[in-house]
Amino acid sequence: YGTFSAPPTINADGTYRIEAFTTPAGQMATPGGHEVLEVSAGELDMTQIRPASFEHSVMQGDTFERVNLEFDWAGKKLRIENGDVQQTLGLLPDTHDRLSYLLAAGRLVNLQKDAISPIRLAALDATEEAVLQVIGDSAITVPYGDYTATGIRRVTIDDNDQRELWFSNEVGPLPLKVLRRADGNSIEVELV
C-alpha cells in the first residue's frame, strides 16, 4: 500500500518536494511491520527537472536502513551514501530519482501516442537508462474519481519489470494510478 504523504510542493521559485510513504499490505506485508519513506527535493522549470536530493528510508521491525542520493549538477557528480558505503558516480543529463521521474513522465501527457523520452534513473547503487513512452488515453476509475487519463510506460532493459503511470491534467503532477509488474506479481497504487 503506498501513499504520497503530502501533496507535492512546487514553489514559485521552481523548487519542489515530493514525499511518498509505503506500508506493504496483503501478501506483500512482512511480520514486525515494514515502512518505506522516500523524499525527493529539487528544482524544475519549463525545460528540465533537476533533483537535488533523494532519501530512501526503510524501517522493518527493529532495523532501520537509509540511502541518500545527492545530485551535484555543477560538478556532474551523483553521490550515493548507503550506510557506511559511499560512492560517487558521473551525473549525466536527465538523471532522475524514483520520485522525480514521475514529474518527468507527467510532462508527456499532451504528446501523441508512442512519443518517447529517454531518461536515466538513479537507483540505490547505480544508474540505469530508461525510456518513457506515451501509451495513449483511457478511462480510469480510482477511489478519487473517474477520469480520462494518459498512460506513460516506463521501459528499462529489465523486461521483467514493467510500469505504467496514468496521469490526468485535472488532478496535478502526480499519477492517478501506478501499475508495476515484476517477477509474476502485480502491484497497483491508486490515488485515494
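Me: Does Asp159 count as buried or exposed, and at what relative accessibility?

Reply: The general idea is a pair of cut-offs: buried means under 20% relative accessible area, exposed means over 50%, and partly exposed lies in between (1.4 Å probe, protein chains only). Asp159 has 64% relative accessibility, so it counts as exposed. Accessible areas here come from the Shrake-Rupley method with a 1.4 Å probe, and for residues only the protein chains shown count as cover. Before we go on, note that this is a predicted model, where local features need pLDDT of at least 70, side-chain atom pairs count only at pLDDT 80 or more, and totals for chains, interfaces and linings use all residues. Residues are numbered from 1 along each chain as its sequence is written, and side-chain values use heavy atoms, with hydrogens and water left out.

Me: Which residues gather with Asp159 in a patch of negative charge on the surface?

Reply: A patch is made of residues with over 30% relative accessible area and no salt bridge; like charges are joined within 9 Å, and nonpolar side chains (Val, Leu, Ile, Met, Phe, Trp, Tyr) within 5 Å. Lys and Arg count as positive, Asp and Glu as negative, while His and the chain ends are not counted. The place of a charge is NZ of Lys, CZ of Arg, CG of Asp or CD of Glu. In this model, the surface patch of negative charge brings together Glu128, Asp158, Asp159 and Asp183.

Me: How many salt bridges does the rule give?

Reply: A salt bridge needs a side-chain nitrogen of Lys or Arg within 4 Å of a carboxyl oxygen of Asp or Glu. The count comes to seven salt bridges. One of them joins the side chains of Arg79 and Asp72, at 3.3 Å from N to O. Arg79 is partly exposed at 38% relative accessible area, and Asp72 is partly exposed too, at 22%.

Me: Which residue forms a salt bridge with Lys177?

Reply: Lys177 pairs with Glu188, their closest N and O atoms being 3.7 Å apart. This pair links distant parts of the chain: Lys177 is in strand S13 (residues 177-182) and Glu188 in strand S14 (residues 185-190), eleven residues apart. Lys177 counts as buried at 13% relative accessibility, whereas Glu188 is partly exposed at 46%.

Me: Now the backbone. Which residue other than glycine has a positive phi near 60°?

Reply: Most residues other than glycine have a negative phi. Asp94 has a positive phi, near 60°. Its place is in the loop between strand S7 (85-90) and strand S8 (95-96), and Asp94 is partly exposed at 43%. Asp114 also has a positive phi, of about 75°. Asp114 lies in the loop between helix H1 (100-106) and S9 and is partly exposed at 49%.

Me: Last one: how many residues apart in sequence are Ala123 and Leu69, and what is their separation in space?

Reply: They are 54 residues apart in sequence and 8.9 Å apart in space, C-alpha to C-alpha. Ala123 lies in the loop between strand S9 (116-122) and strand S10 (127-142). For another pair, take Ala12 and Ser117: they are 105 residues apart along the chain, with 26 Å between their C-alpha atoms. Ala12 is exposed, at 91% relative accessible area, in the loop between strand S1 (2-10) and strand S2 (15-22).

Notes: Helices (H or I, at least four residues) and strands (E, at least two) are DSSP runs, numbered from the N terminus.
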